[in-house]
Amino acid sequence: MSPLSHLANSAATVRLTVDLGALAANWRYMRDLSGTARCGAAVKANAYGTGADHAAPRLAREGCRDFFIADAHEGARLRPLLPDARIYVLNGVFDDSFAQILAHDLIPIINSPDQAAFWRENAGTRPYALHVDTGMNRLGLTPEQAVAHAEARGPQPALLMSHFACADEPDHPLNARQIEVFSALRPAFPGIEASLANSGGIFLGANTHHDLTRPGIALYGGEPVSGVANRMRPVVTAETRVLVVRHAKAGESVSYGGAHTLTRDSRIAVCGVGYADGFHRSGSGAGVPLRSAVPQGAFGAINGVQVPVIGKVTMDLTMFDVTDLPEDAVKPGDWLELLGATVPLEQAAEAAGTISYEMLTSLGRRYDRHYTA
Ligand SMILES: *Cc1c(COP(=O)(O)O)cnc(C)c1O
């Protein structure tokens with residue numbers, strides 16, 4: 001990093017702390033739950049926003065050898081950091097990614113009959129994975145196409161895989177159907193390893209584990225199963241700086257649109273975070289139509305006490321109502337937690353009308369990032 005970019009960083013009004021020790025502990029937990037299957041890791045989208053350059057090598061140190069990324073570009077970036085790992089490319093292969101896949105020894109996950117034909121024609125005996133769609137209608141060959149692929153001439157895949165549509169809802173009937181379709185397909189691929197479970201899938205039971213599991217969100221502290229107390233350790237703490245503490249009178253309004261009218265004389269902490277940092281506008285304290293689940297909007301926290309967002313979140317700034325805190329508890333320069341130990345990731349996501357995955361992957365570029373062991 002140049003001295004200048006370091007300066008720019010220390011002036012940031014948003015700070016991100018990624019606990020790599022917690023990440024490692026979460027991976028070990030998922031590894032143990034995976035039983036006899038190897039446990040991989042989804043590190044796509046910059047390791048769910050946490051920073052793949054730090055997260056992936058830490059997971060490799062724990063013993064992870066199978067990494068899933070979205071495209072060949074992400075794989076090329078990770079290869080030097082993971083010299084011995086298998087790196088699978090979820091979006092498969094197409095003309096323009098082929099050279100990168102070969103150059104960095106990546107394993108494409110073949111997602112359609114076209115991709116399968118392309119690979120068999122061009123890649124010789126290089127390893128590939130075959131994705132079968134068992135009920136999501138996203139990527140993957142149909143089970144019938146997969147059987148035809150197995151019976152046709154040409155190299156067989158190194159890994160057969162599929163993906164759950166509803167693994168975070170254990171009682172959803174689609175889970176049982178997908179488990180059944182996938183298991184029924186395995187005999188068409190004798191001696192070939194198989195992988196089905198993402199984070200939620202691992203909790204569904206041993207009949208999802210096969211040879212390799214692929215947790216993502218659970219590693220980063222997200223809740224893998226809806227409505228069950230989250231057993232994962234929090235990994236990400238996001239904070240923002242208080243820039244100004246201002247006093248305002250009952251009857252006055254706050255932020256754009258004057259959408260929030262104060263019902264009492266108030267103290268307002270104006271903080272240096274906004275929707276440009278991924279602190280979504282839909283978490284505004286008032287004035288946005290998207291959110292019905294949590295009508296009052298998002299919360300931050302100061303010294304372990306939650307404080308509500310007040311008025312609309314703006315591009316670079318957000319106002320928090322700190323009237324209930326002692327006068328000397330909040331001053332300019334203090335850090336206010338946006339998500340972390342006091343504001344759980346799931347709560348922050350729900351308040352913005354979204355999910356933990358989107359919260360993490362939206363964390364903006366302005367964050368001054370710190371990694372703890
Ligand atoms: C993202 C992804 C995963 C990881 O899913 P989580 O729900 O985050 O555990 C696993 N498999 C595939 C195909 C994925 O796209």
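Modeller: A term to start with: buried means under 20% relative accessible area, exposed means over 50%, and partly exposed lies in between (1.4 Å probe, protein chains only). This is a predicted model, where local features need pLDDT of at least 70, side-chain atom pairs count only at pLDDT 80 or more, and totals for chains, interfaces and linings use all residues. Residues are numbered from 1 along each chain as its sequence is written, and side-chain values use heavy atoms, with hydrogens and water left out.

Colleague: Okay. Is S266 buried or exposed?

Modeller: S266 is buried, because its relative accessible area is 5%. S266 is found in strand 14, residues 266-271. Strands here are DSSP runs (E, at least two residues) and helices are H or I runs of at least four, numbered from the N terminus.

Colleague: What lies 2.8 Å from a polar atom of its side chain?

Modeller: The backbone oxygen of R264.

Colleague: And which residues is S266 in contact with, leaving aside neighbours within four places in sequence?

Modeller: R246, H247, A248 and T323. Contact means heavy atoms within 4.5 Å.

Colleague: Switching to domains. How is the chain divided?

Modeller: Domain 1 is 3-15 + 234-372, and domain 2 is 34-220. Such bounds come from an automatic or database domain assignment. The two centres, taken over C-alpha atoms, are 37 Å apart.

Colleague: How much area is buried between them?

Modeller: About 860 Å², with carbon and sulfur atoms giving 64%. That is the accessible area (1.4 Å probe) the two parts lose on being put together, summed over both. On the domain 1 side, Y357, L360 and Y371 lose the most, together 52% of what that side buries.

Colleague: How many salt bridges across the interface?

Modeller: The rule finds 0. It asks for a side-chain nitrogen of Lys or Arg within 4 Å of a carboxyl oxygen of Asp or Glu.

Colleague: Last one. Which residues are buried in helix 4?

Modeller: In helix 4 (residues 52-62), A52, A55, A56, R58, L59, A60 and E62 are buried. Their cover includes helix 2 (20-33), helix 3 (44-48) and helix 5 (72-78), along with strand 3 (41-42) and strand 4 (66-69). Just after helix 4, G63 takes a positive phi of about 115°.

Notes:
Polar contact = N/O pair within 3.5 Å; in protein donor to acceptor, adjacent residues only side chain to side chain.
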